[in-house]
Amino acid sequence: MPRGSYNDLLAFIAVARERSFTRAAARLGVSQAALSYTIRTMEARMGVRLLTRTTRSVSPTEAGERLLLNVAPRFEEIEAELMAVGELRDKPAGTIRVTASEHAAEAVLWPRLAKLLPQYPLINVEVTVESRLVDIVAERYDMGIRLGDELPRDMTAVRISPDMRVAIVGSPAYLAKHPAPRKPQDLAEHTCINLRLMSHGDLYAWELKKGKQQVNVRVEGRLVFNGTRPILQAALAGFGLGYLPEDMAQPYIAKGRLERVLEDWSPAFPGYHLYYPSRRHPSRAMAVLIEALRHPAKRK
């Protein structure tokens with residue numbers, strides 16, 4: 001196989017995994033036109049179509065799926081070996097790709113990164129913030145961060161935060177016009193700010209718990225967001241009740257800009273955990289980040 005064909009295979013793998021020429025081109029640092037030409041040339045040379053293209057999507061053909069299944073793991077092995085060789089240098093180095101929810105990135109990941117990165121100038125971190133649950137193996141992330149009850153199977157997990165409580169809050173102006181709810185059923189009489197779960201498209205049902213009583217409430221309102229920060233802003237502006245992580249709402253509660261309701265029905269969830277494939281041995285750079293994120297109560 002000509003030497004240039006190796007680059008063609010890398011280009012094909014990127015497009016097949018991303019299911020998009022645009023995203024693959026951005027990841028590879030080339031133009032979309034150049035990437036499209038590379039794939040067309042490769043298909044012509046092999047005499048078989050590898051990708052099915054429509055105006056809205058790109059997907060591998062049967063031949064493309066076979067090529068991806070058999071070739072991609074070998075490139076990953078090569079990359080792992082190159083990384084292992086690179087780890088022989090004096091200082092941890094390399095790029096770590098992390099996927100995290102908005103609140104996890106803001107409340108847990110970033111404060112630790114801000115302290116860690118100045119100490120390790122050769123470590124780079126790429127953080128993707130999204131609410132959907134991500135297949136970190138398929139999408140080639142090194143690690144993910146999610147709540148303890150959302151962790152995928154067959155992953156090594158490390159706790160990086162204490163358990164997290166939620167708070168249901170509204171602005172003083174809103175609650176002056178709407179009597180505070182006393183029980184979950186009262187939420188039916190309130191305007192609430194909804195959260196759209198991007199993993200499966202549904203609206204999040206507020207999980208409420210008091211002692212052994214537990215109920216999930218479908219709330220109604222004029223606003224729907226796919227992240228907690230806009231919900232906070234909408235609640236502060238008086239557009240209804242919001243269901244938020246307690247630590248996000250607490251500074252505004254302390255200042256009197258938000259008031260808490262149904263506090264005795266506000267549950268706690270397992271804290272955030274960092275996770276990565278069990279079969280993968282962390283690089284030195286990953287090991288440094290894992291130790292920096294590890295929750296103090298769980299440190300060895």
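**Second largest pocket and a helix pair**

In this predicted model, strand S12 gives the most to the lining of the second largest pocket, supplying three residues. Helix H5 also takes part in that lining, being one of the elements that supply at least two residues each, and H5 packs against helix H9 as well.

- At least two lining residues come from each of H5, strand S5 (143-147), strand S7 (164-170), strand S9 (206-210), helix H7 (228-236) and strand S12 (242-245).
- Sorted by class, the lining of the second largest pocket comprises 18 nonpolar, eight polar and seven charged residues.

**The packing of H5 and H9**

- Helix H5 (residues 102-116) and helix H9 (residues 284-293) pack at an angle of about 120°, and their axes lie 10 Å apart.
- The two helices H5 and H9 are therefore oblique to each other, and their crossing is right-handed.
- On the H5 side the contact is made by Val108, Leu109, Arg112, Leu113 and Leu116, while H9 contributes Val288, Leu289, Ala292 and Leu293.
- The residues of this contact between H5 and H9 divide into eight nonpolar and one charged, with no polar residue.

Technical notes:
Residues are numbered from 1 along each chain as its sequence is written. This is a predicted model: local features need pLDDT of at least 70, side-chain atom pairs count only at pLDDT 80 or more; totals for chains, interfaces and linings use all residues. Side-chain values use heavy atoms; hydrogens and water are left out. Axes are lines fitted to C-alpha atoms, for helices over the stretch in contact, and angles run from 0 to 180 degrees between N-to-C directions. Helices (H or I, at least four residues) and strands (E, at least two) are DSSP runs, numbered from the N terminus. Angles under 35 degrees count as roughly parallel, over 145 as roughly antiparallel, 65 to 115 as roughly perpendicular and the rest as oblique. A crossing is left-handed if the near helix is turned anticlockwise from the far one by less than a right angle, and right-handed if clockwise. Contact means heavy atoms within 4.5 Å. Ala, Val, Leu, Ile, Met, Phe, Trp, Tyr, Cys and Pro count as nonpolar, Asp, Glu, Lys and Arg as charged, and the others, Gly among them, as polar.
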